[in-house]
Amino acid sequence: MTPKCARNRRIILSLMFAVVSCMPLLAQSSPEEMKGYVPVLSSVKSRFWKIDPALGYAVRNVGGGVYVISDNGWQSSFLVTSDGVIVFDAPASFGKNIPSAIAKVTDLPIKMLIYSHIHKDHIGGSVAFRNIKGLQIIALESVADFLKEMNDPNRLLPNVTFQSEKTITLGGKTVELTRHFYHSHEGDLFIYVPQAKFLMAVDCVTPGYAPFQGFDITTNFHEYLKVFDDLSAYDFDTFVGGHLTDIGGKRDVEIAKEFTYDVYNTVKRIHNNLDQAAVVAEAAKTVGTDNEFALFKAVLDKVTNDSVRDLQPRWIDRLAGVDVWLPSHVRTALIYVRWDDKE
Ligand SMILES: [Zn+2]
């Protein structure tokens, strides 16, 4: 982006903010709305990790030298080899505790830190690693470019980069890194430790839960639709998705795929079968025919509401948080169906 473009963008953003800040707040979580959400499913609640409040995190040995760290909000993990430790992500929430958590498991030094993607909630705790001598910080080239531009003191800059695939060997262990684009603009890594049958892919599958808002705020729903088959092609027993209250396995990836495709197919069916002219004619009775934005919004709202009503009964007892985020999932699928997809 040229300096002029950047300046124009800043002006537009500040104007947008000025307009928004003059408006009443539209999206609110009122006490009534909060009370309306179904409680977290008991099957999910029973799998919450027990976190010692004094520590703020828990560590679980999942075999093959891999340990998962969680605070029931974020997850990272590390691999102990005979020649040192490789860390996968350093979340902002508990990144500062990772070196001491590792020291309780092994005396071996931390040799490498791998970034799954750019987002600060997953790597914004890396600053705690700044004094580790000779540390290799490994990330996609595109991730490193973004972080250089951002110059965020909380996200240490990578010093080893690669374009699409990299295999790391250390102390007799192997880690396979592969680039995908299901979540963030700059790319997302699959992190695979074959000896441990361990697969980590952040921000796509959250065992027990519906995906986070808008299918994990994906910047590319087309790629997101492919991520489940890409994951299932691996031979793994342990899956780490980077969030919430448990780790998972192959079955969780299958359920997430089933949910995602149900949302996509339902939205597509309802959108493609809707008599849009009738919806517009009905809305025009109230607002007239000049306000095309309002008339078009009536069409999109009708698809959204009908889709949520159709989907929610099928999923509300199967995944936690469905009622919280389903409208956002439908919106993401609707944008794809309407603007990207074929008929
Ligand atoms: Zn993310």
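**The zinc site and its surroundings**

Modeller: Histidine 117 is buried, because its relative accessible area is 0% (buried means under 20%, exposed over 50% and partly exposed in between, with a 1.4 Å probe and protein chains only). This is a predicted model, in which local features need a pLDDT of at least 70 and side-chain atom pairs count only at pLDDT 80 or more, while totals for chains, interfaces and linings use all residues. Residues are numbered from 1 along each chain as its sequence is written, and side-chain values use heavy atoms, with hydrogens and water left out.

Through its NE2 atom, His117 coordinates the zinc ion, together with His119 (ND1), His183 (NE2) and Asp203 (OD), at 2.1 to 2.2 Å; donors are N, O and S atoms within 2.8 Å of the metal (3.2 Å for Na, K and Ca), and water is not among the atoms, so sites may look incomplete. Histidine 119 counts as partly exposed, because its relative accessibility is 22%. Along the chain, the donors of the zinc ion follow the spacing H-x1-H-x63-H-x19-D. The angles among the four donor atoms run from 89 to 172 degrees, and the site is irregular (four donors are tetrahedral if all angles lie between 85 and 135 degrees; four are square planar and six octahedral if opposite donors are over 155 degrees apart and all others between 65 and 115; anything else is irregular).

Beyond the site, five strands form an open sheet of mixed pairing in the order S8-S9-S10-S11-S12 (strands are DSSP runs of E with at least two residues, helices are runs of H or I with at least four, both numbered from the N terminus, and two strands pair if DSSP finds at least two bridges between them). Strand S8 (165–170) and strand S12 (238–240) are the edge strands, each pairing on one side only. Strand S11 (residues 198–201) runs parallel to S12 and is joined to it by three bridges, and methionine 200 stands opposite valine 240 in S12.

As for confidence, the protein averages a pLDDT of 94, and 92% of the residues score at least 70 (pLDDT is the predictor's confidence in each residue, from 0 to 100). Over residues 13–22, however, the pLDDT is below 50, and this stretch has zero contacts in the model beyond near neighbours in sequence (contact means heavy atoms within 4.5 Å).
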